[in-house]
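Visitor: I have a model open and want a quick tour. Can you walk me through it?

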Amino acid sequence: MSGTEAATAVPRVGAAVRRRRRARELTLADLARATGLSAPFLSQVENDRARPSMRSLQLIADALETTAVRLLAAADGPRTVDVVRADSAAVPEDGEAGRVRPLVRGHQQLHALEFTGRHDWQRTFRHPHDEVMYVIEGAVEAEADGQRYELGPGDTLYCAGGVAHRWRALAPDSRVLLVGVSDDFRG
């Protein structure tokens, strides 16, 4: 694979999904029922013939009692140094209206994601690690611990581990950086 192809390749999560599903002793049919996704689609994901949107990956992660970030990280080994180029591939967030691009790859204690465009307001997150949201451009509405905040370029929102939170872009061109730290990065 050339440097350009490597920079634009979408992370392959199939093996990580299969390992996690088998470890949980679930069949593809069980996973399909739990996610609402079709068993043939899930088979294609596991065999890296289909790339799930971030929304689908989150449904899969929820059913497998893990996170989408962990599945993405499990797709790549740990690295001591890594450069993620600006033109690296992003995963669809919710159709083509939004995209998410991992900025730190592999099993690391730090994870960082760049979201562009739409983000699913219906999904509430609660995880054991601290997280910081930084609005690069556009506008975002966030809710954390039951309080709502409107954030603009340069604003940050910090959430301690265990705090329920969610967010959505208020402008179509919004770009958001999420950074979290975790000492538990098992696939």
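This is a predicted model: local features need pLDDT of at least 70, side-chain atom pairs count only at pLDDT 80 or more; totals for chains, interfaces and linings use all residues.

Guide: What follows is a short walk through helix packing and a few single residues.

Visitor: How many helices and strands are in the chain?

Guide: Six helices and nine strands. Those are DSSP runs, numbered from the N terminus: H or I of at least four residues for helices, E of at least two for strands.

Visitor: What share of the chain counts as buried?

Guide: 42% of the 187 residues. Buried means under 20% relative accessible area, exposed over 50%, and partly exposed in between, with a 1.4 Å probe and protein chains only.

Visitor: And what share of contacts comes from residues 24 or more positions apart?

Guide: 62% of the contacts with a separation of 6 or more. A contact is heavy atoms within 4.5 Å.

Visitor: On to helix 3. Which residues are buried there?

Guide: Leu31, Ala32 and Thr35, in a helix that runs over residues 28-35. They lie on the same side of helix 3, because they cover an arc of only 105 degrees around the axis. The arc is taken from the directions from the helix axis to the C-beta atoms.

Visitor: What sits on the face turned away from the buried side of helix 3?

Guide: The exposed residues Arg33 and Ala34.

Visitor: And what covers the buried residues of helix 3?

Guide: The cover includes helix 2 (14-23), helix 4 (39-46) and helix 5 (54-63).

Visitor: At what angle do helix 3 and helix 4 pack?

Guide: About 110 degrees, with the axes 9 Å apart. Axes are lines fitted to C-alpha atoms, for helices over the stretch in contact, and angles run from 0 to 180 degrees between N-to-C directions. Helix 3 and helix 4 are therefore roughly perpendicular to each other. The classes: under 35 degrees is roughly parallel, over 145 roughly antiparallel, 65 to 115 roughly perpendicular, and the rest oblique.

Visitor: Which residues make that contact?

Guide: Leu28, Leu31, Ala32 and Thr35 from helix 3, and Ala39, Leu42, Ser43 and Glu46 from helix 4. By class, the contact of helix 3 with helix 4 has five nonpolar, two polar and one charged residues. Ala, Val, Leu, Ile, Met, Phe, Trp, Tyr, Cys and Pro count as nonpolar, Asp, Glu, Lys and Arg as charged, and the others, Gly among them, as polar.

Visitor: How do helix 3 and helix 5 cross?

Guide: At roughly 115 degrees, and their axes come within 9 Å. That makes helix 3 roughly perpendicular to helix 5. The contact is made by Leu31, Ala34 and Thr35 of helix 3 and by Leu59, Ile60 and Ala63 of helix 5. Its residues divide into five nonpolar, one polar and no charged.

Visitor: Back to helix 4. Which residues are buried?

Guide: Leu42, Val45 and Glu46. Their arc is only 95 degrees around the axis, which puts them on the same side of helix 4. The buried residues of helix 4 pack against helix 2, helix 3 and helix 5.

Visitor: New topic. Which residues have a positive phi?

Guide: Asp48 has about 55 degrees, although it is not a glycine. Asp48 lies in the loop between helix 4 and helix 5 and is partly exposed, at 22% relative accessible area. Glu65 has a phi of about 55 degrees and is not a glycine. Glu65 is found in the loop between helix 5 and helix 6 (68-74) and counts as exposed at 53% relative accessibility.

Visitor: What does Arg12 contact?

Guide: Asp48, Arg51 and Ala75, leaving aside neighbours within four places in sequence. Arg12 is in the loop between helix 1 (3-8) and helix 2. The C-alpha atoms of Arg12 and Arg51 are separated by 7.3 Å, at 39 residues apart along the chain.

Visitor: Last one: is Gly98 buried or exposed?

Guide: Buried, at 0% relative accessibility. Gly98 lies in strand 2 (residues 98-102).

Key:
Residues are numbered from 1 along each chain as its sequence is written. Side-chain values use heavy atoms; hydrogens and water are left out.
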